[in-house]
Amino acid sequence: MIKNFAKPIIITQSRITTRLWLLSVNKLTRSWFFLILIFSLCGTGIRAFAGETTLVFGGDVMLGRLMNRAKSPLVWGNLRSVLNGADLTLVNQEFAITSFKKEWGKKAFYFRADPGVTSIFKSAGIDYVSLANNHILDYGPVGLENSLKFLKRADIAHAGAGENETAAREPARLTAGSLNIAVISITDNEPGWRAGEKSPGIFYLPIQPSSVSTIRAISADARKKGASFVILSAHWGGNWVTHPSPTFRQFAHAVIDAGVDLIHGHSGHIVQGIEIYKGKPIFYNMGDVIDDYAVDPAKRNDLAYLARVTLVGEKVVQIEAIPTVIEKFQVNRATGENADWVLESLRKMSAEMGTQVKREGNQLKISLH
Ligand SMILES: [Zn+2]
């Protein structure tokens, strides 16, 4: 005979913690806590009402190889709140999402993460990933097809690679409040991976004056379809290059003149300066957000920054550069000498391009009012 057992009362750890906390703090502290909570909630509402939007940009995210073994949201360290705190968070996905393990072509490194990696993206609130780069096809067209499928399933926007040329060139569409954003993703790496009329691949575009008209046409089309802010995400240039060449700077200026509002640059593993051209930001190279790479002690590819961009309507009014450091398969806010290293080199290289940068504590600020 089966006895009827009384239903157990389940009190979770967090509930117990909350109860203990409520009992332990006095009334006055509690009132302050709830007041602060109400004010911070109102703050979000006031920001939205004022038409203010925040976008966070990061460079390369490589969650394959040893990072794939970690499979933990802990990889984001204490930056999880920064990444999650923006209206939209955008990075470059430097790997394929697939269980298919057959490497494609002849390369030095192949980067692949299991499909569950999308939950690691989600844990950081990542809304968009660039796919036009030199690793999305490390596992061939199958790896690309799987990446597209798993990103779609996780509702993560992407651009820069697809089943054919039209799909690879198609910008991602994102909204933040009343702001309609289009993100075009290009790379000047891996010309052999270029998508064809009927074959899958990446949006390959060389950095040269004749490429500007392509960006102009895509940008104009995106605006016709309702975009009010156009981002060009570019996986460009050689590795370990500290300063953008005149060709890159001319290209950046020309695409802004052709309708782009912000350039999100990445690829070379190290940080380059920030330029403001006609009120529009150019992040030439943001470095690497997270990876398992060996660190060059002189070039410091473990140090980079996240850019928090504040807009009022379609106008960028402020940029904050938050220094980051990768250590033991985790990224955290850089402090002490590491922060000085990133912020000083970023300040200096940006100033060389005429950008007025102010250091405020552990970050840099650029005001565009
Ligand atoms: Zn790359």
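Biologist: What do the buried residues of helix 8 pack against?

Modeller: Bear in mind that this is a predicted model. The buried residues of helix 8 are Ile215, Ile218, Ser219 and Ala222. Seen down the helix axis, they fall within an arc of 100 degrees, so they line one face. That set packs against helix 7 (165-169), strand 9 (179-187), strand 11 (229-235) and helix 9 (246-257).

Biologist: And which exposed residues sit on the face of helix 8 turned away from its buried side?

Modeller: The buried side is made of Ile215, Ile218, Ser219 and Ala222. Turned away from it, the face carries the exposed residues Ser213 and Lys224.

Biologist: How far apart are the end C-alpha atoms of helix 8?

Modeller: Helix 8 covers residues 212-224, which is 13 residues. At 1.5 Å a residue the helix should span 18 Å, and the model agrees, because its end C-alpha atoms are 18 Å apart. Just after the helix, glycine 226 takes a positive phi of about 110 degrees.

Biologist: Which residue in strand 9 stands opposite leucine 174?

Modeller: Strands 8 and 9 run antiparallel and are joined by five bridges. Leucine 174's opposite number in strand 9 is isoleucine 181.

Biologist: Is histidine 135 buried or exposed?

Modeller: Histidine 135 is found in the loop between strand 5 (128-130) and helix 6 (140-153). Beyond its sequence neighbours, this histidine is in contact with Glu94, Phe95, Ala96 and Phe111. Its C-alpha atom is 8.4 Å from that of glutamine 93, 42 residues apart along the chain. With 24 other C-beta atoms within 10 Å, where 20 or more are needed, histidine 135 is buried.

Biologist: What about tryptophan 240, buried or exposed?

Modeller: Tryptophan 240 lies in the loop between strand 11 and helix 9. Its phi is near 65 degrees, a positive value in a residue other than glycine. There are 12 other C-beta atoms within 10 Å, and the cut-off is 12 or fewer, so tryptophan 240 is exposed.

Biologist: Histidine 269 has a positive phi too, so to speak; is this residue buried or exposed?

Modeller: Histidine 269, with a phi of about 75 degrees, is in the loop between strand 12 (262-266) and strand 13 (274-277). It has 22 C-beta neighbours inside 10 Å and therefore counts as buried.

Biologist: Last one: which residues touch the most other members of the largest nonpolar core?

Modeller: That core has 103 residues, and its largest share, seven residues, comes from strand 16 (residues 303-312). Take isoleucine 202, whose contacts beyond its sequence neighbours include Leu131, Ile136, Leu137 and Trp193. The residues touching the most other members are Val183, Ile202 and Tyr305.

Conventions. Residues are numbered from 1 along each chain as its sequence is written. This is a predicted model: local features need pLDDT of at least 70, side-chain atom pairs count only at pLDDT 80 or more; totals for chains, interfaces and linings use all residues. A nonpolar core is a set of buried Ala, Val, Leu, Ile, Met, Phe, Trp, Tyr and Cys residues joined through C-beta atoms within 7 Å. Helices (H or I, at least four residues) and strands (E, at least two) are DSSP runs, numbered from the N terminus. Two residues are in contact if their C-beta atoms, placed from the backbone, lie within 7 Å. The expected span of a helix is 1.5 Å times one less than its number of residues. The arc is that of the directions from the helix axis to the C-beta atoms. Two strands pair if DSSP finds at least two bridges between them. Lists of a residue's contacts leave out its neighbours within four places in sequence.
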